[in-house]
Amino acid sequence: MSYALAAYAIAVGGIAAYAAWLAGQRRALERELRSEPLRNHG
Amino acid sequence: MTQSTSLPRLTAAALGVSALLWAFFVWRAPIDAMQGPIQKILYIHVPCVVGAYLGFFLTAGASGVYLWRRGERADRFAAAAAEVGVLFCTLVLLTGPIWAKGTWGRWWTWDLRLTLTLLLYLIYVSYLLLRSFTEGSERAARFSAVYAVVGVLLIPLNYWAIDLAGGRTVHPENLGRGSLGAGMGAPFALGMLTAVAAFAHLLVRRLEVGALRAERERLDAEALRREA
């Protein structure tokens, strides 16, 4: 059973980690773009 | 705007529902008489293969469109699909050896199916590296697109590897009609559905990130032009 649990933990954890990383990237880029016009025109 | 914000919600909802059903059916699935509980890895290993194949087919398709129309969006779509495909292929290469260790007694063997899967993985990892090292160059985008189209030819070879090897492989044959025992069809089908839903959700999210990166690059280029 431990082999099966390890496989499920790695697969589900891997997908969740990638989804979280994408969400972080999106937030950071949105923040950067919100401040971009100020930097360009400021 | 409504469409761009509602699509991730839709894919997230589809993923949530199918994942819950899948988890329930995997939990209730019968224990295989030969392999024991480790056989349940089937319900996650094969769906991950579907995610990888889907990613690489879409990368090749979008690359073909890019070569034909030279559209920036097709190029961005190809990169996004490749990244999600590589994630699923990584999971295939992690869950497979765990299953192998528990049933064959070793993590890895240079079996034709395993070797071709590793090769497919390396091809698309190289594709992503190539893109990251040569970001923004149209020539590099063209070369990457050709590379992605050629790389996908490995998928049919990988799929029929067992037949090509004349059955002289350690890896089990592809599943066919009636291969699964009673009660194993539902968790398997739901696993496939969940993998497709997860793939769609991650691809939509990755496309959003790609679009934001493109917007940042456009603004940076604009700022540079103004400064010049």
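Student: How many residues of chain B are in contact with chain A?
Tutor: In this predicted model, 27 residues of chain B are in contact with 21 residues of chain A. Contact means that the C-beta atoms, placed from the backbone, lie within 7 Å. Local features need pLDDT of at least 70, side-chain atom pairs count only at pLDDT 80 or more, and totals for chains, interfaces and linings use all residues. Residues are numbered from 1 along each chain as its sequence is written, and chains are lettered from A in the order in which they are written.

Student: Which helix gives the most to that side of chain B?
Tutor: H8(B), with 12 residues. Helices here are DSSP runs of H or I, at least four residues, numbered from the N terminus.

Student: And what is chain A made of?
Tutor: One helix and zero strands (E runs of at least two residues). Buried residues make up 14% of its 42 residues; buried means that 20 or more other C-beta atoms lie within 10 Å of a residue's own, with C-beta atoms placed from the backbone.

Student: New topic: which residues touch the most others in the largest nonpolar core?
Tutor: B:Cys48, B:Ala78, B:Ala81, B:Phe88 and B:Tyr124, out of 62 residues. Such a core is a set of buried Ala, Val, Leu, Ile, Met, Phe, Trp, Tyr and Cys residues joined through C-beta atoms within 7 Å. H3(B) supplies the largest share, 17 residues.

Student: What is B:Tyr124 in contact with?
Tutor: Beyond neighbours within four places in sequence, its contacts include B:Phe56, B:Cys89 and B:Gly151.

Note on methods
A residue is buried if 20 or more other C-beta atoms lie within 10 Å of its own, exposed if 12 or fewer, and partly exposed in between; C-beta atoms are placed from the backbone. Two residues are in contact if their C-beta atoms, placed from the backbone, lie within 7 Å.
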